[in-house]
Amino acid sequence: RAGAALARMLSAQSPPTALFTGNGRVTLAVLRTGYRLPMVGFDDFELADLLVPGVSVVAQDPAGLGRTAAELLFRRIQGDPGPAEHVELPTRLIPRGSGELPPP
């Protein structure tokens, strides 16, 4: 479906000049289409640095995410009746070349 959606976007009167993909599966699906636009993916994936150009990503800390979720869950299990919490964990940009491509 990602390939079909990308083909529709690229055939539009005003096609995108870059892509930001929301997760690793969509990033890989876009890469499999063969279209090469400037792209940054959300979340890192294995071999992203071995592609040419490497895939630039916004990486998150999966261990930190799991640890934080577990801590919140265990507090609830132990009876903490507090309100829902909004937790923001840090991310970092890993530039590898795909986001730095010139627009088509």
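View 1. Val87 is partly exposed, with a relative accessible area of 38%; buried means under 20%, exposed over 50%, and partly exposed in between, with a 1.4 Å probe and protein chains only. Together with Leu65 and Leu89, Val87 makes a nonpolar surface patch of about 220 Å².

**View 2. Strand 3 between its pairing partners.** Of the 5 residues of strand 3 (residues 56–60), 4 are buried. Strand 3 pairs in the parallel sense with strand 2 (residues 39–42) over 3 bridges, pairing being assigned if DSSP finds at least two bridges between two strands, and Phe42 stands opposite Val58. Strand 3 is also joined by 4 bridges to strand 4 (residues 91–94), in the antiparallel sense, and here Gln60 stands opposite Thr91.

**View 3. Helix 3 and the glycine just after it.** The 16 residues of helix 3 (residues 62–77) should span 22 Å at 1.5 Å a residue, and the end C-alpha atoms are 22 Å apart, which agrees; the expected span is 1.5 Å times one less than the number of residues. Just after helix 3, Gly79 takes a positive phi of about 100 degrees.

**Notes.** Residues are numbered from 1 along each chain as its sequence is written, and side-chain values use heavy atoms, with hydrogens and water left out. Because the model is predicted, local features need pLDDT of at least 70 and side-chain atom pairs count only at pLDDT 80 or more, whereas totals for chains, interfaces and linings use all residues.

Definitions and conventions
Helix = DSSP H or I, 4+ residues; strand = E, 2+ residues; numbered from the N terminus. Patch = residues over 30% accessible without salt bridge, like charges linked within 9 Å, V, L, I, M, F, W, Y side chains within 5 Å. Areas by Shrake-Rupley, 256 points an atom, 1.4 Å probe, with all protein chains shown as cover. Salt bridge = Lys/Arg side-chain N within 4 Å of Asp/Glu carboxyl O.
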